[in-house]
Amino acid sequence: MSSATPRQGRLSTVAAAMVIARRDFLAILFARSFISFLLAPVMMVGVTLLAGSIGHHGNAGDASSNVGIAMRGADVDAMLAARGALAPRMGDALPELVVVKRLAAGEAFDPRAALKSQQVVLAAVLTGSPAAPILTGPVARIAAWQGPISMVAARALGRGPTAYPDVTLARTVTSAADTSEGRTVTAEAAQTLMFLLTMLLAGMVLSNLVEEKGNKIIEILAAAIPMDAVFLGKLFAMLAISLVGISVWALAGGLIAVSIGGAMPSLPAPAVGWGLFFVLGVVYFSMAYLVLGSIFLAIGSMAATVRDVQTLSMPVTMSQVLVFFFASYALAHPGGIAETVAMWFPLTSPFTMLAHAATSPALLPHAVALAWQVLCVAILVRAGATLFRRRVMHSGPASVGGKRRWFRRAKA
Amino acid sequence: MDLNLEDWRLAGNDGQHRGRPLAIEARGLVKRFEGFTAVGGVDLIVPEGAIYGILGPNGAGKTTTLRMLLGIIDPDEGTRRVLGADRPHDVAHAIGYLPEERGLYPAMKTYEAIAFMGALRGLPLAEGRKRGKVLLEEHGLGYAIDRQIRQLSKGMAQQVQLLGTLVHRPRLVVFDEPFSGLDAINQGRLELMMRAQAAAGTTVIFSTHVIAHAERLCDEVAIIAGGRVPFAGPVDVARDRIPAQVRLETRAGDGLWRAALPADAGHAAKASGANLWTFALPGTGVEPLLRALIDGDAGITSLSIERAGLHDAFVAIAGEAAARALADGTSEEQR
């Protein structure tokens, strides 16, 4: 082999990272396990639907708005007729009336016993007469139904209006209160979606260096390129894999939405508009992934075995939940110190800023936040790589690929 | 025992060694891990184009030294210049490295693995693939071009990694214990390859605890023991640090000539009546000794003078403890 001067030159950190990213991306993309990865959300949706179905069956016998009625026969008929007349105007405000018993004259009835009965599940029991109705039940229920029952009783007695003027509805797109509340809903939905995606995807980074350590390749990488580039390349690869996954899932979700035709719930438009909000969503997801991933990668790099990584998974997941809770709390308390802290704290910043995009049209804060997040990623990657070099790349074969300790003593 | 490295430097002529530019110049490298000093002040001067051996028993600090030279870890103290650069990664494209523990991605095809290793050193992937296929053909592995690494034997995988180390045509190649795990035939092939690299102007550095390889291959060696370098220099100089051994057989058992033999000369009386003497060649040389033996009628029946081998020099320099570790052949894992 000739040793002529090589044509190639020194790789920049980003170029070196791309060499790693390309290898990792293709290795994962063409692995059989990638199919399982793509199917994971389908299984999640399946489990959710199954749980929903079970819940639905459980609720089939729910009588949360059933009020049992036990009065004299004529009174029962009058009350039922009155409810039927008022129902088209009052809708859900009226409880359902279920006949428990038509009482004979002078017959006694114990409403408390009826409420405890397992035969007919009732939320409350109406006794007495239309002139003097008695509503028995938990205080929260009967307080809410006091007014509607009173109106039904009045109608049963032949009192009150018999004709109702039609109210013409003049629709507006929204009101100020509506807009603010609706955008908060959009912000919450976006935060939740981003949280679910990061929780589903960022954890994969934990085990990312175990392969290299297990295969003893890490030393070849470390000798050829800076460890920062190794870390960055692995993050880029995992981010790209995540985006591929999200694209596939979004496509599948879109097809399902089209197939069920307009039955999907719609959300109020975010303050920055749907187009920019979508772009910011992708960017902030990427930043959240990179920030979380750089920390997880550093933690995972200290693990010597897959078992160690599995042990780490639980605390890592819990930490993600805490991050989400803090971001949600900040959203619920706009303008407060919590929101300011959440905007600057690297882990919550992407979540908080995405919510901010839903509720505020200002764009400058996003430019500042993104610059800050990029800086945080750079710092975290550098710190993780330095930690890895100091704590893991000690010496001797055992320290690189060994299985004895995370932080092992060097042997020269 | 410590050798003054200034003997091997041209004073005031930085970056050169006996008129040759330096591939590596390391001074006072120190590395500590959690209070344990793995390397306690290593100096190395490696001229370009040399085959340079780093010898030492297991656990002596060879791997740590190589890792510092390659920038895998940074020294706590000392300086290093590799191919003229203070930061080894700045010249990574001109360096090839084969670590002691071999490793490749099992799912990669052989030529892809070679190309990937080249890409890490800045070689474009397409060029790396092309060279990878050629190298595999040249080294008798053409039939394995499309095989995955996991389908290869351990020895074949090691060969593939070796080719990946060289695919970008480095100016400096560093091998850490390159002969471990290879059979005798492949050890011979590797020696040939190392010689070919050096003949083409590439600097070859390798660490080993098998002295025979260093003795056959190296222009110069550094002996590392206990994290220090008690000797660095040409192999001949290392050998010369141990006096030649004289084996003398005489008919006479005593006489005036005995004064010419060292006082600590070993003596054994043979069954034939002859006397066998073994001793280090006196500093005055062989001629005065011969003259005294002849003039004193010692009755020489045989005389041999054996120059010390590198192994003897290593044992003497690195110390008895290092020699025991070497003889044990205990691996670092076991230790």
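I began with the contacts of chain B: among those between residues at least 6 apart in sequence, 71% join residues at least 24 apart. Two residues are taken to be in contact if their C-beta atoms, placed from the backbone, lie within 7 Å.

I noted that this is a predicted model, in which local features need pLDDT of at least 70, side-chain atom pairs count only at pLDDT 80 or more, and totals for chains, interfaces and linings use all residues. Residues are numbered from 1 along each chain as its sequence is written, and chains are lettered from A and ligands numbered from 1 in the order in which they are written.

**Entry 1. The two chains**

I looked up the elements of chain B and found 10 helices and 14 strands. Helices (H or I, at least four residues) and strands (E, at least two) are DSSP runs, numbered from the N terminus. Of the 335 residues in chain B, 44% are buried. A residue is buried if 20 or more other C-beta atoms lie within 10 Å of its own, exposed if 12 or fewer, and partly exposed in between, with C-beta atoms placed from the backbone.

For chain A I recorded 15 helices and 4 strands. Buried residues account for 36% of its 412 residues. Among the contacts in chain A between residues at least 6 apart in sequence, 75% join residues at least 24 apart.

**Entry 2. Helix 5 of chain B**

I checked the length of helix 5 (residues 184-199) of chain B. At 1.5 Å a residue, its 16 residues should span 22 Å, and its end C-alpha atoms are 23 Å apart, which agrees. The expected span is 1.5 Å times one less than the number of residues.

I then listed the buried residues of this helix, which are Leu190(B), Met194(B), Gln197(B) and Ala198(B). Seen down the helix axis, they fall within an arc of 95 degrees, so they line one face of helix 5 of chain B. The arc is that of the directions from the helix axis to the C-beta atoms. The face turned away from the buried side carries the exposed residues Ala184(B), Ile185(B), Gly188(B), Leu192(B) and Ala199(B). The cover over the buried residues includes strand 4 (51-55), strand 7 (172-176), strand 8 (203-208) and helix 6 (211-217) of chain B. Just after the helix, Gly201(B) has a positive phi of about 100 degrees.

**Entry 3. Helix 2 of chain B**

I found helix 2 (residues 110-120) of chain B mostly covered, with 11 of its 11 residues buried. Its buried residues pack against helix 1 and helix 8 (218-224) of chain A, together with helix 3 (125-138) and helix 4 (154-166) of chain B. Gly122(B) follows helix 2 of chain B and has a positive phi, near 95 degrees.

**Entry 4. Helix pairs in chain A**

Two packed helices are described by the angle between their axes and the distance between the axes. Axes are lines fitted to C-alpha atoms, for helices over the stretch in contact, and angles run from 0 to 180 degrees between N-to-C directions. Angles under 35 degrees count as roughly parallel, over 145 as roughly antiparallel, 65 to 115 as roughly perpendicular and the rest as oblique. The crossing of helix 1 and helix 9 of chain A is right-handed; a crossing is left-handed if the near helix is turned anticlockwise from the far one by less than a right angle, and right-handed if clockwise.

I turned next to helix 10 (residues 274-302) and helix 11 (residues 306-332) of chain A, whose axes come within 11 Å and cross at roughly 155 degrees. These two helices of chain A are therefore roughly antiparallel to each other. Helix 10 of chain A passes helix 11 of chain A in a right-handed crossing. Leu292(A), Phe296(A), Ile299(A) and Gly300(A) of helix 10 meet Val309(A), Leu312(A), Val316(A) and Gln320(A) of helix 11.

Arg169(B) sits in the loop between helix 4 and strand 7 of chain B, and it counts as buried, with 23 C-beta neighbours inside 10 Å.
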